[in-house]
Amino acid sequence: MLTDMDSSQLFQRAQQLMPGGVNSPVRAFRSVGGAPFFTQSANGARLTTADGVELIDFVCTWGPAIHGHNDPDIRAAVATALEHGTSFGTPNPYEVEMAELIVELVPSVEKVRMCNSGTEATMSAIRLARGYTGRDKIIKFAGCYHGHVDSLLVKAGSGALTLGNPDSAGIPASFAAETIVLDYNDAEGLQRVFSDHGDEIAAIIVEPYPANCGLILPDAGYLERLRETCTAHGSLLIFDEVMTGFRVAAGGVQERVGITPDLTALGKIIGGGLPVGALGGRAEIMDYLAPLGPVYQAGTLSGNPLAMAAGIASLKKLQQQDPYPLFEQLGAQIRDTLLDAAAAKGLPLQVPQVGSMFALFFSESPVRNFGDATGTATDRFSQLFHHALEHGVYLPPSAYETCFLCTAHDGDAIERAAEVLAEGIQSIR
Ligand code: KE4
């Protein structure tokens, strides 16, 4: 029985059946070394592995588990929806309620199209931007990851960067040629490209707070500059808030900074742990999507009732609980613990943190872009990762990811994790 096997037995079997034994590369621990554990169950802030080990989880299934794992309200909502079937392939009431919630919570969104992953959301966003503007070129930023979209797997972050192939094989040069890659926080470079190519650029797509090469925060005025430049040249501004949407604020980064993108890609939290993505924006642009307009976009399971029910429960819980002040407090607590431990050890460490998101860069100076991030001491991150894992704390298995907090971390979980991480920093050689 598979359920009787421990992680190493499962991994051995998995490697015969799936490339690298995983269904998503970053899970393979290739950058931190060692073999991945397999998770048997998850509750609140903890995972239980196939080896019976409990781990305080700072990955939160890469973002969706903002209320903690196996949240009772989400579980109940899925159970209720399940009684009426799993998928209809027709419009259904859940989709309407989800769209209403997104329109209500995300300032710039007037219309929504549901899909099944963040990748589909960003892929649809750039196709829509090209269809709406009649232009071909897209600007992205080195280290930003927008899912495994052909034309966006250029100098990408997350698993691509972790595995050292930020430019994936299999992408025709002709595709990549339409993608211009700039450095995040480089206002001069942005200016230059737009003065050379301004009228060819369909859109800028950006993680407003890049969180796939660690966590990078914008220089003052930088996001505003992206907005002004797009407006001046008739290009669209696409915020990829698959990760930050509903996480750093109910309305994402755009609510925090008061900037209105033209399109927003969403995912993760709006599925409550089930497969989901969404594209939203100004009605005038969204109406270019089929069946109204000429830009085709579709999906068998888009808006499926189970993912919608889970996501609706998750969003409503955020509205009821307003956990964002708690996240600011928990995030600052873990950040300060890490910085104090590093200072005591005389170890250079940066801990960028915004609400429930934080990252660790072993670096003398703040990380402002991809080049800075790849110049940090990632071997020290790997040492901390393994110390933490051996002591019951699971950090993302790559220095080029971001840690997530959930409401269930509040209390003993964050206290214990802070202790373990402080000890881990002391043990770094
Ligand atoms: P998915 O296709 O994985 O649902 O979403 C792609 C995506 C798009 N945009 C942003 C900003 C993202 O962070 C992601 C996916 N995030 C990674 C974690 N860094 C997913 C983890 C994985 O690839 O296994």
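Trainee: In which loop is the place of K155?
Mentor: K155 lies between a strand and a helix, both being DSSP runs numbered from the N terminus (helices H or I, at least four residues; strands E, at least two). The model is predicted, so local features need pLDDT of at least 70 and side-chain atom pairs pLDDT 80 or more, while totals for chains, interfaces and linings use all residues. Residues are numbered from 1 along each chain as its sequence is written, and side-chain values use heavy atoms, without hydrogens and water. The place of K155 is the loop between strand 5 (137-141) and helix 5 (158-162).

Trainee: What is phi of K155?
Mentor: K155 is a residue other than glycine.

Trainee: Which residue is joined to P291 by a cis peptide bond?
Mentor: P291 is in the loop between helix 10 (283-286) and helix 11 (305-321). Omega of the cis bond is about 10°. The partner of P291 in this bond is A290.

Trainee: Which residues of helix 8 make the contact with helix 7?
Mentor: Contact means heavy atoms within 4.5 Å. Helix 7 contributes A187, L190, Q191 and F194. From helix 8 come Y222, R225, L226, T229 and H233.

Trainee: How far is a polar side-chain atom of E401 from a nitrogen atom of the ligand?
Mentor: K268 also has a side-chain N or O atom 3.1 Å from a nitrogen atom of the ligand. G118 places a backbone N or O atom 2.9 Å from an oxygen atom of the ligand. For E401, the distance from its polar side-chain atom to a ligand nitrogen is 2.7 Å.

Terms used:
A polar contact is a pair of N or O atoms within 3.5 Å; within protein, one must be able to donate a hydrogen and the other to accept it, and residues adjacent in sequence count only if both atoms are side-chain atoms.
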